[in-house]
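Me: I would like to go through some labels attached to this model and the cut-offs behind them.

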Amino acid sequence: MAYTDLFNVTLDNLAAKLAEISGLRVVTDPRNLQPPCVFLDAPSFEAFNYNIAKMVFPCIILTMGPSNLDALRPALEIAAALLNKQVAVTDGNPSNTMIGGVEYPSYSINISIQAQTS
């Protein structure tokens, strides 16, 4: 089933734009996580009216290995690639993410985007 509403189209467009980064795996469904990858988590939004909203997507960069420099370097490289893609990266923080009982080193980044229909 294709979703054509304001929010789902914005999610698909952002995922497609980030997937243009060479070698980057972008995931929108947590069942498909395979680090290293970027996971677009459920967004928050602030509506201005019926067809314009500001959406903030938590973008979680997942890497492999223990939470040390070996995990941090590739996470920072991916974060820099996201920033260079000219999407509205507003902030980022190191973190750890639990998936299926396994804790992965990660970097949480917020991407702010305006969703709008015509």
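Me: What makes Leu 69, Leu 72 and Leu 76 a nonpolar patch on the surface?

Reply: The model is predicted, so local features need pLDDT of at least 70 and side-chain atom pairs pLDDT 80 or more, while totals for chains, interfaces and linings use all residues. Residues are numbered from 1 along each chain as its sequence is written, and side-chain values use heavy atoms, without hydrogens and water. A patch takes residues with over 30% relative accessible area and no salt bridge, nonpolar side chains (Val, Leu, Ile, Met, Phe, Trp, Tyr) being joined within 5 Å and like charges within 9 Å. Together the three leucines have about 240 Å² of accessible area (Shrake-Rupley method, 1.4 Å probe, only the protein chains shown counting as cover).

Me: Why is Leu 76 called partly exposed?

Reply: Buried means under 20% relative accessible area, exposed over 50%, and partly exposed in between (1.4 Å probe, protein chains only). Leu 76 has 37%, so it counts as partly exposed.

Me: How do you know that Glu 20 forms a salt bridge with Lys 85?

Reply: The term requires a side-chain nitrogen of Lys or Arg within 4 Å of a carboxyl oxygen of Asp or Glu. For Glu 20 and Lys 85 the closest N and O atoms are 2.7 Å apart, so the pair qualifies. Glu 20 is in the loop between α1 and β1 and Lys 85 in the loop between α2 and β5, so the bridge ties together parts 65 residues apart in sequence.

Me: Why is Arg 31 called exposed?

Reply: Its relative accessible area is 73%, so Arg 31 passes the cut-off for exposed.

Terms used. Helix = DSSP H or I, 4+ residues; strand = E, 2+ residues; numbered from the N terminus.
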